[in-house]
Amino acid sequence: MIMILYWSLPMILFIFGLFCFVSNRKHLLSMLLSLEFIVLMLFFMLFIYLNLLNYEIYFSMMFLTFSVCEGALGLSILVSMIRTHGNDYFQSFSIM
């Protein structure tokens with residue numbers, strides 16, 4: 001019973017994060033926040049999986065390192081977009 005709770009709660013939160021990521025496509029900041037939430041739930045599921053199988057936690061530290069790099073890259077894109085366009089709306093951003 002407790003194993004179902006260990007896996008169902010992070011999966012439900014992961015699905016909520018995906019839904020939030022898909023529904024908030026107007027603002028870059030809300031997309032970045034939901035993306036970080038998804039990464040946090042993936043880390044939580046990875047940590048549970050590695051603990052249940054008695055593996056080393058070294059891979060989870062590498063995963064956290066890459067997720068921090070992803071967050072810093074997203075914030076730098078957000079800052080450069082706000083400096084050039086004045087806001088973080090995707091409608092005002094033109095690829096051409």
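Reply: The buried residues of α3 pack against α2 (28–52), where contact means heavy atoms within 4.5 Å and helices are DSSP runs (H or I, at least four residues) numbered from the N terminus. This is a predicted model, in which local features need pLDDT of at least 70 and side-chain atom pairs count only at pLDDT 80 or more, while totals for chains, interfaces and linings use all residues. Residues are numbered from 1 along each chain as its sequence is written, and side-chain values use heavy atoms, with hydrogens and water left out.

The residues of α3 that are buried (under 20% relative accessible area, against over 50% for exposed and in between for partly exposed, with a 1.4 Å probe and protein chains only) are Ser-60, Ser-67, Gly-71, Gly-74, Leu-78 and Met-81. Cys-69, by contrast, counts as partly exposed because its relative accessibility is 48%. Helix α3 covers residues 58–85, and its 28 residues should span 40 Å at 1.5 Å a residue, which agrees with the 41 Å between its end C-alpha atoms; the expected span is 1.5 Å times one less than the number of residues. Just after α3, Gly-86 takes a positive phi of about 90°.

Turning to α2, this helix also holds Tyr-49, which is partly exposed at 42% relative accessible area. Both α1 (2–23) and α2 supply at least two residues each to a nonpolar patch, and the largest share, five residues, comes from α1.
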